[in-house]
Amino acid sequence: MENSIPGATIGSSGQKIPIIGFGTADFPFGSSYEAVKESVINAIEAGYRHFDTASLYESEKPLGDAIAESLKLGLIRSRDELFITSKLFPRSAHSGLVLPALQQTLENLGSEYLDLYLIHFPVSLKADCELPFEPEDIVEMDIEAVWKDMEECQILGLTKSIGLSNFTCKKIETLLATARIPPAVNQVEINPLWQQKKLRKYCEEKGIHITAYSVLGGKGTPWGTNKVMESEILKEIANARGKTLSQVCLRWVFEQGVSLVVKSFNKKRMKENLKIYEWKLNEEDLQKIDQIPQERGNPANLFVTEKGPYKTLFDLWDGEI
């Protein structure tokens, strides 16, 4: 299929990130190699060109194998047609461990470079901890040191751009105080029930592109919420427009000027999720969505503990809750 997904410019290099990406987080992580591989091949065939993975997801290897298979099948001509994002797991978020973690990611993917490498969370875990980790394994991240290593990864050409995920305005401000290369992207939860207006405005002012995850609320995941897909307001808009509720959510996110990552391993929904360009939400729709009560769906409670650097959710999200 001819790729027709528009792109947004990130960073200062003019690099383009496809507006809609395909997520590969399949819970429980690492449980379905074949499902991830097959779904990525189907997504490439459907027209997706941005694929989002992470060390935590254990989907890097099946993603890499799916890309290799897609090249053999002629679905793409070269790796350069794709935009691949992966993320640094907190266990490797320490000075001296970032580069080896990225090298392992590249080996898993069978690729010489990433398009985008993100710090997954603004927190570190003890490097020798086991999963699931214990409260005492959570330690404060040395943001300056970790970001310096991220910058080195870009300087070495192992990733075209570097960025963040789940970072608040305050934490980005701390990072920018010592950064030589500013983050190109901040990937965060955004959907009609968690619109992140303050963070979006801040990142726009700093030239940091936003990518949205959990655009449908992450229903069915340990970190997600059912409230987005069960919203009566969104159902009403979808029925009136002759669209699915998912399409309304995706279109709303798209109209906020951010890119997004959506995940469905169902071939029919994969194609439906791309059909958001030929129509718009009207002013009445937007006003209704603007009035929806706000609630973070992914509070990341697992990083909050009396024994760690974030003793409350307020501390972790700097009041952005």
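The legends below describe close-up views of a predicted model.

**View 1. The largest cavity and its lining.** The structure holds one cavity of 30 Å³ or more, and about 40 Å³ of space lies in the largest cavity. Its lining is made up of Asn166, Phe167, Thr168, Val188, Glu189, Gln196, Leu199, Tyr213, Arg296, Trp317 and Glu320, which by class are five nonpolar, three polar and three charged residues. Two of the lining residues, Arg296 and Trp317, are also in contact of another kind, in that the charged end of Arg296 sits over the ring of Trp317, 3.6 Å from its centre.

View 2. Most residues other than glycine have a negative phi. Asn166, by contrast, has a positive phi near 65°, and Gln196, which is not a glycine either, has a positive phi of about 55°. Asn166 is placed in the loop between β9 (159–165) and α5 (169–176), while Gln196 is found in the loop between β10 (185–189) and α6 (197–206). With a relative accessible area of 4%, Asn166 is buried, and Gln196 is likewise buried, with a relative accessible area of 9%.

**View 3. Gly319 and Thr168 across the sequence.** Gly319, in the segment after α11 (313–317), counts as partly exposed at 33% relative accessibility. Between Gly319 and Thr168 there are 9.1 Å in space, C-alpha to C-alpha, although the two are 151 residues apart in sequence.

View 4. Helices α2 (60–73) and α3 (98–109) each supply at least two residues of the lining, and the largest share, five residues, comes from α3. Divided by class, the lining of the second largest pocket has four nonpolar, six polar and four charged residues.

**View 5. An aromatic pair between Phe22 and Phe265.** A search of the whole structure finds six aromatic pairs. One of them, formed by Phe22 and Phe265, is stacked, with 6.1 Å centre to centre and 20° between the planes. Phe22 lies in strand β3 (residues 20–23) and Phe265 in the loop between β12 (259–262) and α9 (267–272), so the pair ties together parts that are 243 residues apart in sequence. Phe22 is buried, with a relative accessible area of 1%, whereas Phe265 counts as partly exposed at 23% relative accessibility. Together with Tyr48 and Phe51, these two residues, Phe22 and Phe265, form one aromatic cluster.

**View 6. Strands β4 and β5, paired in the parallel sense.** Strand β4 (residues 50–52) pairs with β5 over three bridges, and Asp52 stands opposite Thr85 in β5. Strand β5 (residues 83–88) is mostly covered, six of its six residues being buried.

**View 7. The charged end of Arg79 and the ring of Tyr113.** In this view the charged end of Arg79 sits over the ring of Tyr113, at 4.2 Å from the ring centre.

**View 8. The cis peptide bond from Leu131 to Pro132.** Most peptide bonds are trans. The bond from Leu131 to Pro132 is instead cis, with omega near 0°, and Pro132 lies in the loop between β7 (124–125) and β8 (138–139).

Notes. Residues numbered from 1 in each chain as written. Predicted model: local features only at pLDDT ≥ 70, side-chain atom pairs only at ≥ 80, totals over all residues. Heavy atoms only, no water. 1 Å grid on protein atoms, 1.4 Å probe; cavity = no way out; pocket = protein on both sides within 12 Å on 5 of 7 lines; lining within 4 Å. Points joined across faces, edges and corners; volume = space filled by probe spheres on them. Nonpolar A, V, L, I, M, F, W, Y, C, P; charged D, E, K, R; others polar. Helix = DSSP H or I, 4+ residues; strand = E, 2+ residues; numbered from the N terminus. Phe/Tyr/Trp six-rings, centres within 6.5 Å; stacked < 30°, edge-to-face > 60°. Buried < 20%, exposed > 50% of the residue type's maximum accessible area, 1.4 Å probe, protein only. Lys NZ or Arg CZ within 6 Å of the ring centre and 35° of its normal. Pairing = 2+ DSSP bridges.
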